[in-house]
Structure formats: structure tokens, C-alpha cells
Amino acid sequence: MKFLLLSCCAPCSCAVIKRLAEEKNNFTVVFYNPNIRPRDEYERRLEENKRLCDIYAVPFVELEYDNERWCELIAGLETEPERGKRCDVCFYMRIKRVMEYAKKHDFDAVASVLGVSRYKDLAQVNRAAEKAAAETGIKYLQIEGRKGGMQELRIQLIKDLALYNQDYCGCKPR
């Protein structure tokens with residue numbers, strides 16, 4: 001199975017990418033994060049994702065940076081808390097766009113690491129993905145990036161690879 005892995009940042013995805021690469025999965029990392037602001041923060045995370053993929057010899061694709069559309073979609077939700085309604089809209093927007101890309105470029109499925117951070121709700125990510133999958137016809141692969149030693153591996157890789165580890169998810173709606 002050939003699939004896309006939506007990566008929000010190198011620190012959240014490093015353990016998953018390492019494991020998938022070691023298991024010889026046929027996947028490509030895709031960076032679609034129009035929620036990240038300011039633009040230089042976006043660029044820094046993009047470059048760190050590319051560096052991580054180079055380390056593990058994983059193909060990498062960057063989709064458009066459409067922060068204007070993201071802002072339009074979350075309008076009125078700027079004061080929502082983490083894990084609130086803004087996250088529902090954001091996850092859905094990003095996963096659906098990646099699924100559209102997957103369909104156009106002959107990928108069988110999409111997975112993501114959007115729920116790896118302890119600040120995110122994995123069930124919320126999975127609900128958004130199920131909705132997008134139903135609309136696009138692209139299968140969603142649920143990835144567990146916290147349990148089974150993955151959290152410990154992630155922390156070790158951040159240190160070992162000296163990954164840039166930001167202190168916010170990327171969304172600065174105000």
C-alpha cells in the first residue's frame with residue numbers, strides 16, 4: 001500500500017517516520033500546514049521536516065501554504081481553546097486537502113501525526129479524518145504515535161537529531 005503521511009512538524013513525526021521507514025513502508029511525507037504562523041515559523045518547520053525525511057530517505061512533498069484560506073475557515077473561532085472547534089475545522093481542512101492530493105496522485109491512503117502531541121486529541125483528529133475519507137473515498141490509516149515506546153523514542157530522537165522543537169502547534173489565530 002502506497003500512502004501519504006501528513007506531518008505537522010519534525011518533533012511530532014520523527015518516531016513515526018523512523019518506524020515506518022525501518023519497516024520498509026511505501027509512504028511519502030506531505031507537509032500541508034497553512035495554520036502555521038508567522039511565515040518564517042512555517043519555513044523553519046518545513047525545512048526541519050525536509051531534513052528529517054532526508055535522514056531516513058523518505059520522499060517529501062510540500063503542498064501550498066494557504067494561510068488566507070485557513071483564516072477564512074476558522075473565522076469566528078479565534079478564541080476557541082486547544083482541542084476546541086477551531087481544531088475540528090483545521091484538522092478536517094488539512095486532512096481533506098491531503099486526501100484530494102492522494103487521490104489525484106494515485107496514493108491508496110492517508111495517515112497523519114496530527115494527534116501525536118499530548119496537546120492534541122487523537123479522537124478529534126480521527127473524526128475529522130473519517131469525515132474527509134467519506135467525502136473523498138480515500139482510506140485513512142490511524143497511526144499511534146504515543147504508545148508502545150513511541151513517546152520515549154520521539155523524545156530521544158528530538159535530542160539525538162537536535163530537532164527544532166517549537167513551543168506551540170502553529171496556529172496563532174489572533
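## Where α1 meets α2

In helix α1, Ala 10, Ser 13, Cys 14 and Ile 17 meet Glu 48, Asn 49, Leu 52 and Cys 53 in helix α2. Contact here means heavy atoms within 4.5 Å. The residues of this contact divide into five nonpolar, two polar and one charged. Ala, Val, Leu, Ile, Met, Phe, Trp, Tyr, Cys and Pro count as nonpolar, Asp, Glu, Lys and Arg as charged, and the others, Gly among them, as polar.

α1 covers residues 10–22 and α2 covers residues 39–55. Their axes lie 10 Å apart, at an angle of about 15°. Axes are lines fitted to C-alpha atoms, for helices over the stretch in contact, and angles run from 0 to 180 degrees between N-to-C directions. The two helices are therefore roughly parallel. Angles under 35 degrees count as roughly parallel, over 145 as roughly antiparallel, 65 to 115 as roughly perpendicular and the rest as oblique. The crossing of α1 past α2 is right-handed.

## About the model

This is a predicted model, in which local features need pLDDT of at least 70 and side-chain atom pairs count only at pLDDT 80 or more, while totals for chains, interfaces and linings use all residues. Residues are numbered from 1 along each chain as its sequence is written, and side-chain values use heavy atoms, with hydrogens and water left out.

## The whole chain

The protein chain has six helices and five strands. From the N terminus, the order is β-α-β-α-β-α-α-β-α-β-α. The radius of gyration is 15 Å, close to the 16 Å that the globule rule gives for 174 residues, so the chain is as compact as a globular protein of that length. The radius is taken over C-alpha atoms, and the rule is 2.2 Å times the number of residues to the power 0.38. Helices (H or I, at least four residues) and strands (E, at least two) are DSSP runs, numbered from the N terminus.

Along the principal axes, the C-alpha atoms fill a box of roughly 40 × 35 × 30 Å. Of the 174 residues, 54% are buried. Buried means under 20% relative accessible area, exposed over 50%, and partly exposed in between (1.4 Å probe, protein chains only). Among contacts between residues at least 6 apart in sequence, 78% join residues at least 24 apart.

## Where α1 meets α6

α1 also packs against helix α6, residues 150–160. The axes come within 8 Å and cross at roughly 110°. These helices are therefore roughly perpendicular. Pro 11, Cys 12, Cys 14, Ala 15, Val 16, Lys 18 and Arg 19 in α1 meet Met 150, Leu 153, Arg 154, Leu 157 and Ile 158 in α6. This contact has nine nonpolar, no polar and three charged residues.

Lys 18 sits in α1. Its relative accessibility is 18%, so Lys 18 counts as buried. Beyond its neighbours within four places in sequence, Lys 18 contacts Tyr 56, Leu 153 and Leu 157.

Most residues other than glycine have a negative phi, and most peptide bonds are trans. Lys 24 is not a glycine, but has a positive phi of about 60°. Lys 24 lies in the loop between α1 and β2 and is exposed at 71% relative accessible area. Ala 57 also has a positive phi, about 55°. Ala 57 is in the loop between α2 and β3 (60–62), exposed at 68%.

Arg 37 and Pro 38 are joined by a cis peptide bond, with omega about -5°. Pro 38 lies in the loop between β2 (26–31) and α2.

Technical notes
Left-handed = near helix turned anticlockwise from the far one by under 90°.
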